[in-house]
Each structure stands twice: as structure tokens, then as C-alpha cells.
Amino acid sequence: MKAYAKRFSEVMKKRKGEYFNMIITLDRIEENICVFVSDDDETLAFTRDALGSIEVKEGDVLDFTDGVFTPLPRESEKRTEEAKRRLDALFAKGEKDKEE
């Protein structure tokens, strides 16, 4: 599902017309478009203006509830650390395999 909007209140309505909530992670910024991935692997895109004054960077996690974006800095940090841990484990396994 992709959504491009100037106002987040116009975006992300359920099929029945009700707002819903989800946790989204900023995957990338393409010019003026912020591309997010939800925890359900849905790809969502909003214009930068839709986020208002919220400053975001790749990897930031936000809660999107009832048309409102709320940054989740602790969740962003937690997920970043988990990704680093997984990469370190992967590289360590690769080095171990080379030695054998």
C-alpha cells in the first residue's frame, strides 16, 4: 500500500474508513518522499511535509495512530542495536567458516 499525501490526516484510512495504528520504520528518503516499512512488511510513502516538524532519519521508528506520527526513539535505538548484533554475529560466523 502506498500513500502520497500532503497532510497525514488524509492518509492511511482503513478500508472501512477508520484510522488505525501501526509501528513504521523509515527505510529511505527519496527527494521529498519518506518511504516507511511497517512491522507487517507493508511499504508506505508520505511526502516529507506530511510529517510536519518531526525530524527523521533512516532507521527511525514512529508510531502512526489516528493520523498522528509519534517518534519512538527508544524503539529506534533498540532496533538499531539488534541489527548491529545480528550483523556482528553474521560476520563472526563468516570469519569462522573461512578458518575451517
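Buried residues have under 20% relative accessible area, exposed residues over 50%, and partly exposed residues lie in between (1.4 Å probe, protein chains only). This is a predicted model, in which local features need pLDDT of at least 70 and side-chain atom pairs count only at pLDDT 80 or more, whereas totals for chains, interfaces and linings use all residues. Residues are numbered from 1 along each chain as its sequence is written, and side-chain values use heavy atoms, with hydrogens and water left out.

**The whole chain**

Begin with the entire chain in a cartoon view. Followed from the N terminus, the elements run β-β-β-β-β-α.

Next, display the surface. The chain exposes about 7300 Å², of which carbon and sulfur atoms supply 49%; accessible areas come from the Shrake-Rupley method with a 1.4 Å probe, and for residues only the protein chains shown count as cover. Of the 100 residues, 30% count as buried. Among contacts (heavy atoms within 4.5 Å) with a separation of 6 or more, 42% are accounted for by residues 24 or more positions apart.

**Helix α1: E75 and R79**

Now select helix α1, residues 73–99, and show side chains. Side chains of opposite charge can pair when their charged atoms come close. A salt bridge here is a side-chain nitrogen of Lys or Arg within 4 Å of a carboxyl oxygen of Asp or Glu, and the count by this rule comes to eight.

Select E75 and R79, whose side chains form a salt bridge at 2.7 Å, N to O. The two residues are four apart in the helix, about one turn. E75 counts as partly exposed because its relative accessibility is 23%; R79, at 27%, is likewise partly exposed.

Proceed to E82, which is partly exposed because its relative accessibility is 29%. Which residue meets E82 in a salt bridge of 2.6 Å, N to O? The partner is R85, three residues away in helix α1, about one turn.

R86 and E82 are separated by about one helical turn because they lie four residues apart in helix α1. With 55% relative accessibility, R86 counts as exposed.

**A network to finish**

Finally, select D39, E75, K78 and R79 together: salt bridges that share partners join these residues into one network.
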